[in-house]
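I opened the model to look up a few points of packing, and I keep the entries in the order in which I checked them.

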Amino acid sequence: MSATPADERLTREVIRAFLESTPPFNELDPISLDGVTARCEVERAAMGTVLLTRGRSEVTHFRLLYEGRVKVFLKDDRGEASFEEIRGPGEAIGYLAILRASLSNLDVQIMEDSTFITLTRDDFLRLVRANLTFSNHYLKALSDGYVRKALDQMERPRRSTGTEGSLYLFSAQVGDIVRRRPVIIPATETIQTAARLMSERRVGCLLIADPAEKVIGIITDRDLRTKVVAEGLNYLAPVSSIMTSPVATIPTHMVCFDALLEMMKRRVHHLGLEKRGEIVGVLSGHDLMVVQGSSPLILVRDIRAQQNIEGLYDIALQSPRVVRSLILEGAKARHVTRMITLINDYILDRLLTLLEETLGTPPVPFCWLLMGSEGRREQTFRTDQDNGLIYRDPESEAERRAAVEYFEIFAQEAVSDLVACGVPRCKGGVMASNPKWCQPYSVWQKYFDHWIRNPEPQEVLNATIFFDFRPGYGNLELGRQLREHLMREVQGQEVFLRFLARDLVNSPPALTFFRQFNLEKNSQHKNKLDIKTKGIMPFVDFGRILSLGAGIGETNTLERFQLLGEAGQISEELQMQASQAYEFQMHLRLLHQQAMDEEALEPDNFIDPAELSDLDRRTLKDSLGVLNDIKAHIKDVFRLGAA
């Protein structure tokens, strides 16, 4: 390698022009840019050169790539690259180590002859201290780049060689695992012919086509058992008489994990794979079991097959095992919480179905409401119950008395059964078994109207729990109508929204002025960080406040961020930073709770930063630092000044 102040090709004018077009140097004022240009040097490196070695190389210069390509990577304990990326012109090397005052955090190798524009460590740090925009750019780069990589790779060292290839579930597209063309049969063929064809071709399903050869339905071996054999149907009947139509489809580019969730949500065992409007294959539950090994589909099958409520108790207690396997396989927080939610929804659906069969038909239609993290589909290990029950307004006094009596028993039994399934009671009493939260539609309407129009502290607290509700079981339309009513009523309610906003802005900081963790001081959790209260919940509150104001009915935090970004309510940059920071903290929380669950301890939210790796600790600080941007945005939107 060689370094020179400049050469005949890279003159000071050329360097200045390059910096002037390269973020964040393009944000510098002309005088500062002239000063930087005067202090730059040019460095050349030949292809194959190992520029930096992680943990060994001292980073004396900030390097900005002018031309060429470099590979940036990390190696795991076995010497394998745990992640890598290629950087090109305009991208920087070394800023992380300089900002952290550490040896190189990455391995860097020259992919082709390259030229760098360099600044000494001291010159770079002077720029960072003197220019807020310049500083924010590289702090953002840490969040956008390092947080994402930490999310992707933080679990890799914990996996054993026995799980090699398990990440396939989260990276492979369904089109990669289903290569076989589907077997199609005309709708006019007999059931007997279809059964023979399935046997001959050794397939578990057939697609059904109309005379124009358009696929209009599907039959499975399960259909033959339940619709033909069990019902004594004539084998000579047309196959169209037992088909399911239309065929549930997903695109061939969907990843396997999302296909698994889709299969569970739709309650089907086969999905057509669609490409350019044509069904080119069929994905089965068995295909996904082969990819994953121990599949959640097995647990869901057992839940749905259970014929008595008591039988659900032991099955429900198996869900942490499934969740644990997802974490060990490298699932991100959004994947894990979605799976927990789906499993819990299946348990709830089966439990309430069996309970309704036991108690008989309810006097009026009702809907079981899911609140808090259940409503947001963000449940973790053993989340407390937060639920309610809404029923259609009775039309007579007799119907009212019958409804009160029925739903009191129903709610009490349901809550007790959920406790037996491992879901603790809500310490604040937000459960359908509390008569206050088991009410007709008109009463629930009044609740929300009162909370919106009287934003006192208790009403603001209620908003953090009840305003994230979703319908969970029963007549879901009742729940949807209530959410539509809420979204209509909250529009234009600036006073209420400002109360929520002020509550967020005044929430306790997660970091001190000197960017140290704001740890617990006088409790059993001394020197630990309450990652839920000080880290995760402000992100949740941020998504809720802006979504309510923008008329966005979605309750999931990450989906709220995406919709807010698409609606222009937050910048693309803030959306990305908030999403990555929130998900990183959720992942740390899940790992912490998983470890406690394995030790038979009751999971909590108190993390000891001293037990984290240097990378995780730094990334956690960066993710918590995003809260400053969130609060600044809220202050600006709601004109809160220096509140």
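Across which strands does helix 10 lie, and at what angle does it run to strand 12? Before answering I noted that this is a predicted model, in which local features need pLDDT of at least 70 and side-chain atom pairs count only at pLDDT 80 or more, while totals for chains, interfaces and linings use all residues. Residues are numbered from 1 along each chain as its sequence is written, and side-chain values use heavy atoms, with hydrogens and water left out.

**Entry 1, the sheet and its helix.** I found that helix 10 (residues 256-266) lies across strand 11, strand 12 and strand 13 and runs at about 125° to strand 12. Here axes are lines fitted to C-alpha atoms, for helices over the stretch in contact, and angles run from 0 to 180 degrees between N-to-C directions; helices (H or I, at least four residues) and strands (E, at least two) are DSSP runs numbered from the N terminus. The three strands form an open sheet in the order 11-12-13, with mixed pairing, where two strands pair if DSSP finds at least two bridges between them. Strand 11 (249-251) and strand 13 (278-284) are at the edges with a single partner strand each, so one side of each has no neighbour in the sheet. On average, neighbouring strands of this sheet are turned by 40° against each other, direction ignored. I also noted that strand 11 pairs with strand 12 (residues 270-275) in the parallel sense over three bridges, and that Pro251 stands opposite Glu274 in strand 12.

Helix 20 (residues 476-490) has 15 residues and reaches 21 Å from its first C-alpha to its last, close to the 21 Å expected at 1.5 Å a residue, the expected span being 1.5 Å times one less than the number of residues. Its buried residues (under 20% relative accessible area, with exposed over 50% and partly exposed in between, 1.4 Å probe, protein chains only) include Leu478, Leu482, Arg483 and Met487. The buried residues of helix 20 pack against several elements, among them strand 14 (366-370), helix 18 (441-453) and helix 22 (531-550), where contact means heavy atoms within 4.5 Å. After helix 20 comes Gly492, with a positive phi near 80°.

I listed 27 aromatic pairs in the structure, counting rings of Phe, Tyr and Trp (its six-membered ring) with centres within 6.5 Å, and calling planes under 30 degrees apart stacked, over 60 edge-to-face and the rest tilted. The rings of Phe25 and Phe62 have centres 6.1 Å apart and planes at 50°, so this pair is tilted. Phe25 lies in the loop between helix 1 (12-20) and helix 2 (30-39) and Phe62 in strand 4 (residues 61-75), so the pair ties together parts 37 residues apart in sequence. Phe25 is buried at a relative accessible area of 1%, and Phe62 is buried at 1%. Trp444 and Tyr447 form an edge-to-face pair, 5.5 Å centre to centre with 85° between the planes; both lie in helix 18, three residues apart, about one turn of the helix.

The charged end of Arg483 sits over the ring of Phe469, 4.5 Å from its centre, the criterion being NZ of Lys or CZ of Arg within 6 Å of the ring centre and within 35 degrees of the ring normal.
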